[in-house]
Amino acid sequence: MVEFLQQRRQGLAKLLPPAEQTLRGSLIERYVTCGNPHCKCARGERHGPVWYLTVTLGPGRTTSVVVSGEQLEAVRRWIENYRKTKENLEKISEINRELLRRQRKKAKR
Ligand SMILES: [Zn+2]
């Protein structure tokens with residue numbers, strides 16, 4: 001069982017996405033007005049979509065970055081990598097907790 005857990009842990013570690021390609025946050029699509037009263041957007045035909053990456057920094061604190069059309073695909077991928085990384089690290093932690101329990105039981109015997 002311990003070997004099985006160690007193998008599973010190794011498999012999860014191998015599946016971790018490259019750390020340099022991870023990004024925390026979420027993408028938000030907005031349609032905006034430019035402020036020119038004669039522009040079509042003033043009559044309801046807004047510009048967009050404009051994409052933003054928004055990130056929570058702490059309680060009540062967020063920041064956002066405008067994402068260009070060319071950046072959009074990479075940003076989507078990096079956000080997905082971040083999610084996968086978190087998920088896999090959580091599973092690895094779970095396995096490590098179980099391994100700690102088993103080691104302790106062995107030592108007691
Ligand atoms: Zn406008």
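This is a predicted model: local features need pLDDT of at least 70, side-chain atom pairs count only at pLDDT 80 or more; totals for chains, interfaces and linings use all residues.
Select V75 first: with 17 C-beta neighbours inside 10 Å, V75 counts as partly exposed.

**Stop 1: around V75.** V75 sits in helix α2. Which residues does V75 touch, not counting residues up to four places away in sequence? Select L23, L27, L53 and V67. V75 and R24 are 51 residues apart along the chain. Their C-alpha atoms are separated by 9.7 Å.

**Stop 2: the whole chain.** Zoom out. The protein chain has 2 helices and 3 strands. Follow the sequence and the pattern reads α-β-β-β-α. The radius of gyration is 22 Å, well over the 13 Å that the globule rule gives for 109 residues, so the chain is more spread out than a compact globule. The trace spans about 80 × 30 × 20 Å. How many of the 109 residues count as buried? The share is 2%. Next, take the contacts between residues at least 6 apart in sequence. Of these, 53% join residues at least 24 apart.

**Stop 3: strand β1.** Select residues 26–32, which form strand β1. I28 is in this strand. Is I28 buried or exposed, or in between? I28 has 13 C-beta neighbours inside 10 Å and therefore counts as partly exposed. I28 is in contact with both, leaving aside its neighbours within four places in sequence. Then draw a C-alpha to C-alpha distance from I28 to E98. The two are 39 Å apart in space. In sequence they are 70 residues apart.

**Stop 4: strand β2.** Select residues 47–58 for strand β2. P49 lies in this strand. Look at the peptide bond that joins G48 and P49. The bond is cis. Its omega is about 5°.

**Stop 5: the helix pair.** Select α1, residues 2–14, and α2, residues 72–108. Two packed helices are described by the angle between their axes and the distance between the axes. Here the angle is about 160°. The axes are 10 Å apart. That angle makes α1 roughly antiparallel to α2, since angles over 145 degrees count as such. The crossing of α1 and α2 is left-handed.

Now show the side chains at the contact:

- From α1, pick V2, L5, R8, R9, L12 and A13.
- From α2, pick N88, K91, I92, I95, E98, L99 and R102.

Colour these residues by type. The contact of α1 with α2 divides into 7 nonpolar, 1 polar and 5 charged.

**Stop 6: N96.** Stay on helix α2 and select N96. Is N96 buried or exposed? N96 counts as exposed because its C-beta neighbours inside 10 Å number 12. N96 and R8 are 88 residues apart in sequence. C-alpha to C-alpha, they are 11 Å apart in space.

Methods:
Residues are numbered from 1 along each chain as its sequence is written. Axes are lines fitted to C-alpha atoms, for helices over the stretch in contact, and angles run from 0 to 180 degrees between N-to-C directions. Helices (H or I, at least four residues) and strands (E, at least two) are DSSP runs, numbered from the N terminus. Angles under 35 degrees count as roughly parallel, over 145 as roughly antiparallel, 65 to 115 as roughly perpendicular and the rest as oblique. A crossing is left-handed if the near helix is turned anticlockwise from the far one by less than a right angle, and right-handed if clockwise. Two residues are in contact if their C-beta atoms, placed from the backbone, lie within 7 Å. Ala, Val, Leu, Ile, Met, Phe, Trp, Tyr, Cys and Pro count as nonpolar, Asp, Glu, Lys and Arg as charged, and the others, Gly among them, as polar. The radius of gyration is taken over C-alpha atoms; the globule rule is 2.2 Å times the number of residues to the power 0.38. A residue is buried if 20 or more other C-beta atoms lie within 10 Å of its own, exposed if 12 or fewer, and partly exposed in between; C-beta atoms are placed from the backbone.
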